[in-house]
Amino acid sequence: MTLARYALLGLLRAPGRGLVRIVTLATAVALLGAMLVFVSHSLRATTSNAVAAVSIAWQGPVGSYTAAQQVAAGTTRQTGVAVAMATATAPFASATNASANGTIHTGQGAVLAVPADYLTGFSTIRILQGSIIPGGVVLDQQLAATLQAGIGDTVSLAPTATATPRQYKVTGVAVVSSTNTLFAPLDPRAGPAPAQPPAQIAIMPIEGFAQTYASALPSLTAASIGTGAIPGAQDGVQWQVQARIDTSALNGDPSSALQQATSLRNRVERSLPGQVQFVDNLAATLTLAAGDALYAEALYILLAIPGALVALGLVYLAALGTAEEDRRALALLRARGARRRDLVTLAVVESVALGTIAGAGGGVTALTLVPRIVDGPVGLGPAGAAATILACVVLACAGALAARLGASLGVRRGQVRDQRVGSSGEPGRAPLWQRLWVDLVAIATSLLVYWFTLRTGFAAVVSPDANPTLSLSVYMLFAPALLWIGVTLLLVRLRGRAITWLARRGASTTGGTLGGFLLASVTRRGAAINRGLVLVGLLLAFGVELGVFASTYQQQARVDAQLTIGADVVVSTPAGSAARLAPRVSAVPGVSATTLVNHTYAYIGPDLQDTYGIDAATISRATRLRDSYFIGGGAVDLMHRLASVPDGILVSKETVTDYALAIGDLVNLRVLDAASGAFVVAPFHVVGIVQEFPSAPKDSFMVANDTYLTHVTHGAGANGVFIRVDGNATLAGRQIAIAAGGGVSVRTIDEQTRQTVSSITTVDLAGISRIEEVFAVILAAIALTLLISVALAERRQELATMAAIGAPIRDIAAFLWSEAAIIVGGALALALALGLLLAEMLTAMLTHVFDPPPDALAIPWPYLGLLAGSAIAAAVLSTLVAVRRLQRLSLGTVLREQ
């Protein structure tokens, strides 16, 4: 109790020094706490985004309508299931509308049968006109346009080519989304399978479907499922149960949510033994999200740890400012009989007191700051907030104790070393890491790994299984981590020798001038100046690395978004209506160019691939085509080559490899003939190889001339418009949506960018970069303030002696000004070089995240100027304060100090 009381009284006797240590420690801990809170929030947001993207969580194939009703009822009763409904899909061989304008026929399509209340549970259907009514049929927009049918018309659907057509009254027109999921082949053993969605869809109430339509077709079983989802390929009725789970049943990061979702599905299947086995769309999505989350965590580690370590280094610096007073107090206690254990107890009590206050303050700061940065609640709850504050307190106590002991031991070791030098004339033995040259080995290894990465194109690989792991993640961390370690140890090894050498050479040429005295002072203060250079330089390098990498990342997110969506604004329309829409879109203010795109599918061998029909002459005006997208020529050359060959086609690199294709080869593709509804063979000639293309998938796809593609498919024409806009894409998108009218989908690059950076396939760095950039600026100011304060504390007797012999304050202050200038100048140079190299390394290590990779780093000059300005301003202000304190020094008291 006596020691504890003494420790607390010691803090109260010097409240200023205690406050400085608390503020420094609280800022460092707030950075750590903010990163913990943000990462936790980000991973939960990843889970929420992944779950929200799944329109149908489970699809369970069953053998009959009765079985579907029973399984749906049993599934709905399970805890954690929001809704389950019996549905069905089936083909139709043809559709006919006998109207006043004549009889109109169309080819194959698909029927979707759903309950009347389906829209209350699922969002895969959007009714444009009318409603789902028993005995009627709702046509999707494409089928309604083809048949020229509206509400009140009677259409005929033929289940098979030989079956008697069934007549239904049209009760509505709708847009069907998630067709890839709705009409996918349902094989629980294989899981979700890709397939081409049907071009034309009719929606029926499932009761009427079961009575009037399904009897003409066989019911499919898992064993009889074929290629599915290709118009005409499904030859029977696929009865199924669609389910959506309660999202509140899932929480935590994607990996935890995946385990919870899998456990819930297993429980439901166990409760319905032998009745159903679900195709788990949700698990497939969460598996991908869990892999993406590993990228996020690796990125956060790479970006956050250096800043956190440097921030804790400032805590040591703050403790070092009181080390001399601590040494005298400890010496007095030892003289009065205190044991070493008592001194450790004293340090622990003092550190716990400081750490509790600073940790609580830092935790509250983190919890207050992060919601403002992410523009919303972080979803921690009272228990999570309490755990965060507790973690901050523990970290603060540990950091305060380590800094306290380190500073005290540093002073004592310095005295012992000085005594050894004085007695023997030789310095003490160097630490083991210096004798082993760990610093140079670390730097050499870092550069070797970086070179190897550039040479081999290494990229981390995610293994998306039930428990995703990031393959070779340690390797990915080597280059930047070893560079940090190596540079830090090298600076420690130098101990300011380079600064001392340069100052000594300068002092020898300036004689007895004030400049000579200043340089002579620098030769004696080389180690202290080097200490400041290490802390401030590494801190600013952390800020430079973070700012440059985050800026590059955000730049590439927009490039990636344009590649994903296709252009600044993209309008998706029913086939054939894009051409009529393009003139209206072109008249919208801000639209500078448009081009038509026809997205369809074609078979090459057994592989179904996305195929894009384009106007090669105009596409480069409406979207950006990079030379890196193509092999064997630039974008202009390949587009000219495609336009000059009517039946020309650009084939993806993967397809060229798989099918041993070469430029000029004839390739026969199977395309869907819109007139007959059957697949026909169409000849194309390979004119080039493409790696990336706007809106195309990343693996296999083809690009052809739309004129020829429409000719061989007898299609209606383009179903999309790529639009380049000048100015705000979001505003232009709203105006384009108004001009286009209903029945179309309008997407903008701004929406896609937000979706891209929140998916963590390209990780959201906006939030964490704002957190760390703010703290980097604040910590840079604190570091310079502490360094000047420590320099004044260490030189009090020296400066007081100079004042006592009559030196003017301005000349005395020059010693502090020169030291501050050397630290700031050296730190800025070190930060710029090291920060840019680290950002370049990090970009190379994570090249797989960028699609396409950046051509060069994006330099955020305003932020770098703010970072440098904060350091310079802090140095100037803290030096002015130190000079003011010099003027108030009690010379007698200072000179009497031992």
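A crossing of two helices is right-handed if the near helix is turned clockwise from the far one by less than a right angle, and left-handed if anticlockwise. Helices here are DSSP runs (H or I, at least four residues), numbered from the N terminus.

This is a predicted model, where local features need pLDDT of at least 70, side-chain atom pairs count only at pLDDT 80 or more, and totals for chains, interfaces and linings use all residues. Residues are numbered from 1 along each chain as its sequence is written, and side-chain values use heavy atoms, leaving out hydrogens and water.

Let's look at H17 and its two partners. Axes are lines fitted to C-alpha atoms over the stretch in contact, with angles from 0 to 180 degrees between N-to-C directions.

| Pair | Axes come within | Crossing angle |
|---|---|---|
| H17 (residues 526-565) and H28 (residues 861-887) | 10 Å | roughly 165 degrees |
| H17 and H27 (residues 809-845) | 6 Å | roughly 40 degrees |

H17 is therefore roughly antiparallel to H28 (over 145 degrees), and their crossing is right-handed. Leu540, Gly543, Val544, Gly547 and Val548 of H17 touch Tyr863, Leu864, Leu867 and Ala871 of H28 (contact means heavy atoms within 4.5 Å). That contact has seven nonpolar, two polar and no charged residues, with Gly counted as polar.

As for confidence (pLDDT, from 0 to 100), the chain averages 80, and 82% of the residues score at least 70. Residues 225-232 stay under 50.

Note on methods: Helix = DSSP H or I, 4+ residues; strand = E, 2+ residues; numbered from the N terminus. Parallel < 35°, antiparallel > 145°, perpendicular 65-115°, else oblique. pLDDT = per-residue confidence, 0-100.
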